[in-house]
Amino acid sequence: MLDNLKKYQVILASNSPRRKELMSGLGVDYVVRTLPDVDESYPDTLVGAEIPEFIAREKADAYRAMMKPGELLVTADTIVWLDGKVLGKPEGREGAVEMLRTLSGKSHQVFTGVCLTTTEWQKSFTASSDVQFDVLSEDEIQYYVDRYQPLDKAGAYGVQEWIGYIGVKSISGSFYNIMGLPIQKLYGELKKL
């Protein structure tokens, strides 16, 4: 599948093990290339789905000067959006605990922005998923944070981990988007290239 990508060297610009796993699942040959300290700030005028798409484009722009013809760069950013606020990666254990307390018993959205970039063009899109959490006990939150250490995850949780098994009541939208890469939507975009 995706024979049209043979004309490109596909580059995944991410250290995320989840994104690597999802890209591998597509059967696409790719290499990982990461830059340290890519700026992930965004204008405070952006809201919701606009934020991760902006950051995905900013990440791509950080690589553009070093890209060669024939390379296809994939960048992405994921946020959890609750009550008009971004829940990014938590700062420390207590930050993770507090985020999970905030998500407990509520519905939130997960937005992932994806940017496809070559030396000639750039295209970006966003996927959205709605997640309903059950009420989490303090013991459940502490257990999850201590055992899974979700400090590298937006909203302090991985839907594919224990907290997803016991805490996620329902999902509307892509499960894989919540993991960090809307792989079905990405596949559709890659087919068009």
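Biologist: Why is Asp77 called buried?

Modeller: Buried means under 20% relative accessible area, exposed means over 50%, and partly exposed lies in between, with a 1.4 Å probe and protein chains only. Asp77 has a relative accessibility of 7%, so Asp77 counts as buried. This is a predicted model, where local features need pLDDT of at least 70 and side-chain atom pairs count only at pLDDT 80 or more, while totals for chains, interfaces and linings use all residues. Residues are numbered from 1 along each chain as its sequence is written, and side-chain values use heavy atoms, with hydrogens and water left out.

Biologist: What does UniProt list for Asp77?

Modeller: The unreviewed UniProt entry lists Asp77 under "active site". UniProt positions are in the numbering used here, feature names are shortened, and annotations may be inferred rather than shown by experiment. Asp77 belongs to strand S3, residues 71–82. Helices (H or I, at least four residues) and strands (E, at least two) are DSSP runs, numbered from the N terminus.

Biologist: Which residues does Asp77 touch, not counting residues up to four places away in sequence?

Modeller: Contact means heavy atoms within 4.5 Å. On that basis the partners of Asp77 include Arg19, Glu40, Lys59 and Phe111.

Biologist: What makes the pair Asp77 and Lys59 a polar contact?

Modeller: A polar contact is a pair of N or O atoms within 3.5 Å; within protein, one must be able to donate a hydrogen and the other to accept it, and residues adjacent in sequence count only if both atoms are side-chain atoms. The side chains of Asp77 and Lys59 are joined by such a contact of 3.4 Å.

Biologist: Is His108 buried or exposed?

Modeller: The relative accessibility of His108 is 2%, so His108 counts as buried. His108 lies in strand S5, and the side chain of His108 makes a polar contact of 2.7 Å with the side chain of Tyr157.

Biologist: Why is Ser107 called partly exposed?

Modeller: Ser107 has a relative accessible area of 43%, and therefore counts as partly exposed. Ser107 also lies in strand S5, residues 107–117. The side chain of Ser107 reaches the backbone oxygen of Val131 at 3.4 Å. Ser107 and Phe133 are 26 residues apart in sequence, with their C-alpha atoms 6.1 Å apart.

Biologist: What makes Tyr144 and Tyr148 a stacked pair?

Modeller: Rings of Phe, Tyr and Trp (its six-membered ring) pair if their centres lie within 6.5 Å; planes under 30 degrees apart count as stacked, over 60 as edge-to-face and the rest as tilted. The count by this rule is 4 aromatic pairs. One of them is Tyr144 with Tyr148, stacked at 5.2 Å centre to centre and 20° between the planes. Tyr144 and Tyr148 are 4 residues apart in helix H4 (residues 138–148), so about one helical turn separates them. Tyr144 is buried at 0% relative accessibility, whereas Tyr148 is partly exposed at 33%.

Biologist: Why is the pair Phe175 and Tyr176 edge-to-face?

Modeller: The ring centres of Phe175 and Tyr176 are 5.5 Å apart and the planes stand at 85°, so the pair is edge-to-face. Phe175 is partly exposed at 32% relative accessibility, and Tyr176 is partly exposed at 39%.

Biologist: How do you know that the buried residues of H1 line one face of the helix?

Modeller: In helix H1 (residues 17–25), the residues Arg18, Arg19, Leu22 and Met23 are buried. Seen down the axis of H1, the buried residues fall within an arc of 130°, so they line one face. The arc is that of the directions from the helix axis to the C-beta atoms. The face of H1 turned away from the buried side carries the exposed residues Glu21 and Gly25. At the N-terminal end, Ser16 caps H1, with a side-chain oxygen 3.2 Å from the backbone nitrogen of Arg18.

Biologist: Which residues have the most contacts inside the largest nonpolar core?

Modeller: A nonpolar core is a set of buried Ala, Val, Leu, Ile, Met, Phe, Trp, Tyr and Cys residues joined through side-chain atoms within 4.5 Å. The largest has 42 residues, and Tyr157 and Leu186 have the most contacts inside it. Another core, of 8 residues, lies apart from it; Ala60, Met67, Leu73 and Cys115 are among its members.

Biologist: Why is Asp37 called exposed?

Modeller: The relative accessible area of Asp37 is 80%, so Asp37 counts as exposed. Asp37 is in the loop between S2 and helix H2 (50–64). Asp37 has a positive phi of about 55° although it is not a glycine.
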